[in-house]
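Let's take a walk through one protein model, a few spots at a time. Have a look at the picture first, then read on.

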Amino acid sequence: MASGARAIVVVGGGLMGLSAAFHLRRADPQVQVTVLERARVGDAASSASAAGVRVMGRDPAERAMALESLGRWPELDRELDAETGYRRGGGLRIALDDTGWAEARATVGEQRADGVPVELVDAAAAHRLAPGLSPDCRGGVHCPIDGQAEAVATVRAWATAARRLGARIEEGVGADALVVERARVVAILRSDGARLSCDVALVAGGAWSASLLAKIGLRFPFRGRGLQMLLTDSAPATLTPVVGCFGRPLSLKQLADGAYLIGGGWPARVPDESVNRWEVLDDSVRGSLEVARAVYPPLVPCTVARSWAGIEAFTPDDLPVLGPVLGVDGLLIAAGFSGHGFALVPTVGDVLARLALGLDPLPYLWRGLGAARFA
Ligand SMILES: Cc1cc2nc3c(=O)[nH]c(=O)nc-3n(C[C@H](O)[C@H](O)[C@H](O)COP(=O)(O)OP(=O)(O)OC[C@H]3O[C@@H](n4cnc5c(N)ncnc54)[C@H](O)[C@@H]3O)c2cc1C
């Protein structure tokens, strides 16, 4: 889109913005890259994330991108020269009843047809993969290439790597407005009053992308929703895969220190969508624990050490918006990851950098995710 771009401003220092900054500088060390983060890097969804790195169970439109990303995760620490806490322990989504088991069987074929290496496993195999699972487990779907990382470490790793390559990351500075002249973004108005000229502005502002874009007349249906997480005290290490369950909201993993991390899309309260503030809901804590303990009884004696939430941008089809916007040159968007963007970060950043620099943007990886569907 912008062959010859010399100055690129990234709005938002979440994982998408940081990955874009890293890839931009790696692809072209001459290009000036400034990331404006109004709070601290990773402040919103990224540091709060459950950090599951999965391709299993994704919408067909995201599969190519997820497969591409999962191909990079095992080497990512080396690529970034920093630690993400990544570990490939597989993913296992189990069924506890007939309906779940029917769903499990139905999903395998179409995923495999798209190259997702899932396999149906019976109850005995599921228990071998995750000893301690509920005796009601009927079996499930296993994906050996799924895994997990650690959210805060991953944010730090991308930020460190981007800075090392020469990206300028400014924290505590927001982008108040995009300046458009003759249908092209030419600058950003910063919250400190300065005007920052650019050839390309890349909006990766998570749940707050919509308000920035609305100021230039672009209406995107991003909605901020709070997603809640629980962390237990440490326990002896027993669980290798990331565990989910058909028909019940759950994502369960055990971290390196033995603590269990429990999520699965349980809502937190967001009193005012315009700011990054959330409140943990007791009902979500109770519901989340109940499901997790039913699926994995070794959790019963564990106590919750911490709970938190992150505000994530959702779209009506639960798929991200990626790429240029027809009619406005010099603008790229990466937002609306709808609760499952973490795994995609390496490829999203690569695609954004390619788009910004006028390189081959690998369209086969993000077909169906473009901005045109909401234009
Ligand atoms: C609790 C939770 C669990 C999750 N679990 C998983 C998972 O297991 N697997 C998975 O794949 N995905 C998961 N996700 C989703 C994933 O974490 C997100 O999709 C991803 O982190 C989004 O990154 P981002 O950079 O788009 O957004 P964010 O991390 O929200 O970053 C946007 C940044 O932009 C900044 N900003 C906004 N507006 C402005 C402005 N005008 N000027 C300057 N800065 C601005 C914000 O302060 C923020 O730091 C989860 C998300 C949450 C919340």
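Histidine 23 is buried, at a relative accessible area of 3%. Here "buried" means under 20% relative accessible area, "exposed" means over 50%, and "partly exposed" is in between, using a 1.4 Å probe and protein chains only. You'll find histidine 23 in helix H1. Helices (H or I, at least four residues) and strands (E, at least two) are DSSP runs, numbered from the N terminus. What sits 2.7 Å from a polar atom of the histidine 23 side chain? That's the backbone oxygen of serine 19. A polar contact is a pair of N or O atoms within 3.5 Å; within protein, one must be able to donate a hydrogen and the other to accept it, and residues adjacent in sequence count only if both atoms are side-chain atoms.

Before going further, keep in mind that this is a predicted model: local features need pLDDT of at least 70, side-chain atom pairs count only at pLDDT 80 or more, and totals for chains, interfaces and linings use all residues. Residues are numbered from 1 along each chain as its sequence is written, and side-chain values use heavy atoms, with hydrogens and water left out.

**Around the ligand**

Now for the ligand. A residue is near it if one of its heavy atoms lies within 4 Å. There are 34 residues around the ligand, and Glu37, Ser46, Gly52, Ala175 and Glu312 come nearest. Methionine 16 has a polar backbone atom 3.1 Å from an oxygen atom of the ligand. Glycine 341 also puts a polar backbone atom 3.1 Å from a ligand oxygen. For leucine 36, a backbone N or O atom lies 3.5 Å from a nitrogen atom of the ligand. How much of the ligand does the protein bury? Taken alone, the ligand exposes 1,000 Å², and the protein buries 95% of that. These areas come from the Shrake-Rupley method with a 1.4 Å probe; for residues, only the protein chains shown count as cover.

Which elements give two or more residues to this shell? They are helix H1 (15-27), strand S2 (32-37), helix H2 (45-48), strand S13 (223-232) and strand S18 (304-314). H2 has the largest share, with three residues. Sorted by class, the shell has 17 nonpolar, twelve polar and five charged residues. In that sorting, Ala, Val, Leu, Ile, Met, Phe, Trp, Tyr, Cys and Pro count as nonpolar, Asp, Glu, Lys and Arg as charged, and the others, Gly among them, as polar. Domain 1 (7-50 + 152-222 + 317-374) and domain 2 (91-144 + 224-312) each give the shell at least three residues. The domain bounds come from an automatic or database domain assignment.

**Helix H10 and what follows**

Helix H10 covers residues 345-357, and its 13 residues should span 18 Å at 1.5 Å a residue; the end C-alpha atoms are 18 Å apart, so the two agree. The expected span is 1.5 Å times one less than the number of residues. Twelve of the 13 residues of H10 are buried, including Val345, Asp350 and Leu357.

Just after H10, glycine 358 takes a positive phi of about 75°. Most residues other than glycine have a negative phi. Leucine 362, in the segment after H10, has a positive phi too, near 50°. This leucine 362 is buried, at 9% relative accessible area. Arginine 182 also has a positive phi, near 45°, and lies in the loop between strand S9 (175-181) and strand S10 (184-190). Is arginine 182 buried or exposed? It counts as exposed, because its relative accessibility is 81%.

**Pairs along the chain and in space**

Here are some pairs to locate, with C-alpha distances.

| Pair | Apart in sequence | Apart in space |
|---|---|---|
| Leucine 239 and glycine 13 | 226 residues | 32 Å |
| Serine 307 and threonine 232 | 75 residues | 8.9 Å |
| Tryptophan 73 and tyrosine 86 | 13 residues | 7.3 Å |

Leucine 239, in the loop between S13 and strand S14 (242-245), is buried at 4%. Tyrosine 364 is partly exposed at 47%, and so is serine 307 at 29%. Tryptophan 73, in the loop between helix H3 (60-72) and helix H4 (76-80), is buried because its relative accessibility is 1%.
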